[in-house]
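Q: Could you walk me through this complex, one piece at a time?

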Amino acid sequence: MDYFQDTVFKLKRYWADRGAIIQEPYDVEVGAGTMCPETYLRVLGPKPYRVAYVQPSRRPADGRYGENPNRLYKHQQLQVILKPSPDDVLDQYLGSLEAIGIDLLKHDIKFEEDNWEAPTLGAWGIGWQVMLDGMEITQFTYFQQCGGMDLDLVPAEITYGLERIVAFLQGVESVYDIQWAPGFKYSDVRLADEVEFSKYNFELANVDRLWRLLGEHEAECKELLKAKAPLPAYDQVLKCSHLFNLLDARGAISVTERVGVIKRVRDLAVGTARVWMEQQEAARQEAA
Amino acid sequence: MNFLLEIGTEEIPHWMIPGALAQLSKLDLLGAAPEVDATPRRLVVWASDVPDRTPDREEIVKGPPVSAGEKAAAGFAKKQGANPGDMAPVGGYYELRKRIAGRSAVEILGESLPAAILGIQWPKTMYWTGGKTGPRFIRPIRWIVALLGDQVIPFEIAGVKSGNTTRGHRELGSASIPIAIENYEPELRKNFAILSSEERRRKIESEASVLGAKIDPDLLETLTFITEYPTAIRGDFDSAYLELPAEVLTTVMRHHQKYFAVESSPGVLAPHFIAVMNTKGDPEGLVKKGNERVLRARFNDAHFFWDTDQRKKLADRVEDLAHVTFQAKLGSYKEKTERVLALVKELGGNEHAQQAAMLCKTDLTTEMVKEFTDLQGIVGGLYAKAQGEAEPVWRAVYEHYKPTSMEGSIPSTHEGRIVSLADKLDTLRGCFSVGLAPTGSKDPFALRRAAQGVVKILVEARLDYSLDRLASGDLRDFLIERIQHYFREIRGFQYDEVNAVLAAGVTTLADIEDRLTALAAIRPTDNFEPLAASCKRIRNILKQAEFQPNGAAVKAELLEAGPERDLADRLAGFVREGESDYSKRLVKIAAFRPQVDLFFDKVLVNAKDAKVRTNRLTLLSNLLTEFSTIADFSEIVTSGDQK
């Protein structure tokens with residue numbers, strides 16, 4: 001049996017062998033691997049790029065105090081971006097399942113339509129959820145737009161839900177029973193996290209302060225955009241997005257406010273993507 | 001010659017495949033009739049008797065006049081790419097007999113197929129190569145087989161060159177299979193791709209039935225188009241889960257897992273499910289085990305949701321609806337609940353209906369509905385029942401989204417009907433008031449369905465609310481459209497019958513239905529259509545005379561003895577007798593035909609004496625008014641009408 005970390009090693013090795021840079025997780029809170037600059041910004045523009053990384057993804061409203069065997073406030077995604085998408089991308093993807101020990105001749109794989117959309121990022125794509133014996137194990141997306149802009153090179157985005165896949169491989173019913181490393185279960189590593197952060201997200205987070213912080217990060221982002229500093233600005237976008245999710249989990253965003261706050265975050269995200277593109281374009285012209 | 005086209009793609013969404021095939025079945029193959037079929041990874045067209053080339057033909061091109069001389073003729077021929085010798089003088093002009101060679105079908109199809117393939121209309125398309133200016137299709141095209149006889153029809157789409165190599169099932173088949181038209185289907189089969197969707201459908205249906213599945217036709221269709229080599233297996237779950245409501249279990253199996261349910265007796269679930277794999281078998285039982293594991297987790301979730309949700313009663317959740325958006329401009333579901341409740345009261349709903357209106361949206365705050373959105377309403381009903389609400393209340397909540405389709409049934413109780421009606425009317429009124437009426441094919445709030453539901457409930461429950469009491473302005477027009485649609489498409493009345501009845505007055509829908517039924521019954525009788533034609537004539541006469549009825553009675557002393565007086569007497573008798581039964585009244589009206597015919601035969605409406613003329617117009621006007629209480633017959637299309 002492979003430990004949780006073995007499966008991660010194998011997937012990273014597999015994609016490294018296919019030309020992907022192996023990145024480390026981004027160090028600002030994100031709701032999904034897509035939101036990391038390694039995806040959100042790198043998919044823009046004409047430069048090819050290949051990257052794979054594990055991204056712990058925080059979704060405050062999904063916390064269940066560690067009581068639900070399948071739902072987590074923070075889960076681990078293994079995110080792969082192949083830009084442009086190679087012609088045999090699905091075969092490569094299926095190869096990665098073989099690489100982690102899934103014998104495709106003994107299992108049932110289906111690609112079921114599932115188009116992905118992130119309104120706060122001005123991003124969407126076309127794709128599937130990949131079903132293994134009736135369980136969704138991967139979201140596969142051909143990006144079409146990001147930051148409200150059409151993409152020059154269509155990237156394939158492969159997002160593996162690591163807990164689900166490993167629970168399946170190890171044949172356990174609860175993610176907390178996953179063997180992470182010899183002598184350590186998932187619960188040993190992460191349960192306290194889930195319990196405490198569920199309490200924080202749903203009960204302890206100071207709503208007034210979160211609102212103030214949202215305003216502060218938004219202001220910072222706007223100034224950084226004026227200063228044409230898209231990478232630092234983008235960190236502020238991520239802060240805003242996470243604060244929005246926290247406020248949402250606290251039930252602090254009223255009906256009327258909700259649409260407005262989403263738009264505030266989206267404007268920052270789209271603005272950052274534009275400035276980043278301008279910067280890339282300028283660099284290209286200088287080089288030429 | 002035989003023709004074969006296979007467009008090899010990545011997995012196409014199952015629900016879009018039949019539409020694409022319908023378009024491909026009209027593919028231009030030089031007169032040959034295309035046959036089509038598909039799997040999720042291939043759209044296939046084949047035909048026999050495609051001509052191998054178009055015939056040669058001759059075209060005559062008129063050249064310069066003979067008077068311009070041979071030199072001009074030679075110049076003309078050269079310009080046309082012909083020899084001067086091909087020119088011949090005919091009737092004062094040189095003519096060129098141009099021989100146009102036929103073209104090979106391979107060449108023609110090689111030119112036409114790329115545009116035809118990329119011209120398939122899809123609900124949503126993507127680009128995958130060449131940036132946004134690249135070709136668009138439903139999913140990336142990865143290979144193309146295009147053959148005429150044993151010859152490849154050469155073309156290229158998105159960098160993929162056509163050829164004679166196909167691919168089998170992703171895991172079970174070869175990724176490169178050279179084929180000829182004759183062995184195409186058998187080769188695919190050897191490689192675990194069953195091309196015939198009908199065969200896949202039958203395979204699923206028979207295997208699943210043998211294993212005890214309750215066959216759901218929509219699910220069967222879905223599974224047919226998400227598999228290339230379907231095989232059914234049976235899995236089990238702990239019978240302890242049968243404590244959960246069957247609605248929840250079935251939704252999890254059907255909608256989330258695409259499993260057929262198994263019943264131990266009609267309406268009673270058994271602790272099994274039927275999954276359909278896209279592979280040939282499960283010899284080690286791994287697929288069964290995997291699916292059982294997933295289902296167990298899903299059922300555990302449902303169990304957890306049920307328990308959690310019971311901690312807070314529906315009645316205590318009304319306030320929470322303030323946090324659930326109904327529509328940005330229309331506020332929260334709490335505000336909607338208040339409006340629906342007021343409307344239910346206005347419509348005369350009893351206490352149970354009012355309580356149901358209060359509770360009907362509260363399940364939107366439950367974990368169960370957040371997870372299984374299809375079960376909104378149903379979950380509310382089940383919870384209300386579990387929490388001791390009276391049966392008329394929980395049933396009304398349970399059914400208040402009904403009818404969910406044109407064919408679907410309406411709520412079974414009066415309370416449910418009032419709540420459903422109020423809920424839908426509120427949505428319609430609200431959306432129309434903030435400018436969200438549907439435009440063209442865009443109907444994001446499913447207002448057509450809501451309006452259809454309103455119409456269906458009003459008619460089928462024979463509720464006594466006139467349309468004008470329920471709606472005005474654009475919304476009234478919108479509902480009229482749905483009324484026309486309903487009576488035509490669902491009930492099978494002729495469009496002119498529906499128009500005639502609506503033109504005579506928009507009352508309650510039950511009344512409209514009664515009038516329509518009576519009209520449709522009288523229509524095939526001999527007297528009816530001629531009388532309808534006469535009504536049209538009367539209307540035209542009144543219009544031409546610019547006659548304004550002023551309520552004056554017909555003056556008996558001005559009536560001419562014979563057909564005119566007879567008609568007037570008959571009308572007076574008809575009015576005196578009165579007749580409220582629509583069928584009987586129509587029979588009596590139809591019986592006027594001989595008098596009306598005779599009147600037009602013998603009496604000149606346009607009399608010289610103005611008083612007589614006005615009297616005659618008054619008679620006709622009164623006649624038309626009396627005839628038009630059930631239906632405006634002048635709307636009826638008769639054989640005398642143009643078109």
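**Helix, hairpin and interface**

Q: Which residues in helix α18 of chain B are buried?
A: In this predicted model, helix α18 of chain B covers residues 495-503, and its buried residues are Glu497(B), Val498(B), Ala500(B), Val501(B) and Leu502(B).

Q: And what do the buried residues of α18(B) pack against?
A: They pack against two helices of chain B, namely α17 (473-490) and α19 (509-522).

Q: Which residue takes a positive phi just after α18(B)?
A: That is Gly505(B), with a phi of about 140°.

Q: Switching to the strands, how many bridges join β16 to β17 in chain B?
A: Four bridges join β16 (residues 260-265) to β17 (residues 268-277), and the two strands run antiparallel. Ser265(B) stands opposite Val268(B) of β17(B), and in the hairpin, which has two residues between the strands, Gly267(B) takes a positive phi near 85°.

Q: Now the interface: how many residues of chain A are in contact with chain B?
A: On the chain A side there are 34 residues, in contact with 31 residues of chain B. The elements of chain A that give two or more residues to this side are β4 (109-113), β6 (123-132), β7 (135-146) and α8 (255-287), and β4(A) gives the most, with five residues.

Q: What is the make-up by class of that side of chain A?
A: The side of chain A that touches chain B has 16 nonpolar, eight polar and 10 charged residues.

Q: What ipTM and pTM does the predictor give the complex?
A: The predictor gives an ipTM of 0.94 and a pTM of 0.80, while chain B averages a pLDDT of 91, with 99% of the residues scoring at least 70.

Definitions and conventions
Residues numbered from 1 in each chain as written. Chains lettered and ligands numbered in written order. Predicted model: local features only at pLDDT ≥ 70, side-chain atom pairs only at ≥ 80, totals over all residues. Contact = placed C-beta atoms within 7 Å. Nonpolar A, V, L, I, M, F, W, Y, C, P; charged D, E, K, R; others polar. Buried ≥ 20, exposed ≤ 12 C-beta atoms within 10 Å, placed from the backbone. pLDDT = per-residue confidence, 0-100. Pairing = 2+ DSSP bridges.
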